[in-house]
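Thanks for coming. I will go through one structure, starting with a strand pair and ending with a pocket.

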Amino acid sequence: MASARRGAPLPPPASIDYAAYYIAGGRSDAALRIARDVANNVDTCDDLYGVARNLPAEVLDRRALPPAEIAQDIALELARLDPNEVSTNLTRDNGQTLVFLMLCQRNAAGAAEADPEALRNQIRGQRLTTLADALVEDLRAQAVIVAR
């Protein structure tokens, strides 16, 4: 892990925010192609909500957990990632499901003591942004362009 000053390691995060998008097919060519397409179309974890919007809820798992509560294989992959980077090295269901894992952010210990109202506003803003993005995608999909 990087350090803020030489010789001074950063404290461990209080929590890690990550998203796991599950793709049927394990490490098959088709599943890996879907994972590449998803990676090419998302920049942040919030973008995954648009990808999974018409799919069953269990396809996308977004969590913010203390490091000790994260499954070991996921924690090891997340340790290798920077925010908004992805990994497709893991599978579930005896190799039948590919895990598209994305690190959203590492939350510092002081974040737990942040102003609750500011935190509520941040979450509300993230939700509104996600809903607005989904609405724009729907409108684009429904648009009919007529050539003259």
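**Strands, a helix and a pocket**

T91 has L98 in β6 as its bridge partner. This is a predicted model, in which local features need pLDDT of at least 70 and side-chain atom pairs count only at pLDDT 80 or more, while totals for chains, interfaces and linings use all residues. Residues are numbered from 1 along each chain as its sequence is written, and side-chain values use heavy atoms, with hydrogens and water left out.

Strands here are DSSP E runs of at least two residues, and helices are H or I runs of at least four, numbered from the N terminus. Strands β5 and β6 (residues 97-107) pair in the antiparallel sense over five bridges; pairing requires that DSSP finds at least two bridges between two strands.

Where does that pair sit in the sheet? The sheet is open and antiparallel, with four strands in the order β4-β3-β6-β5. Its edge strands, β4 (60-65) and β5 (86-92), each pair on one side only.

Now E77, which lies in helix α3 (residues 72-79). Is E77 buried or exposed? E77 counts as buried because its relative accessibility is 6%; buried means under 20% relative accessible area, exposed over 50%, and partly exposed in between, with a 1.4 Å probe and protein chains only. Beyond its neighbours within four places in sequence, E77 is in contact (heavy atoms within 4.5 Å) with S87, N89, L90 and L101.

Last, the lining of the largest pocket. Helix α4 gives the most to that lining, 14 residues.
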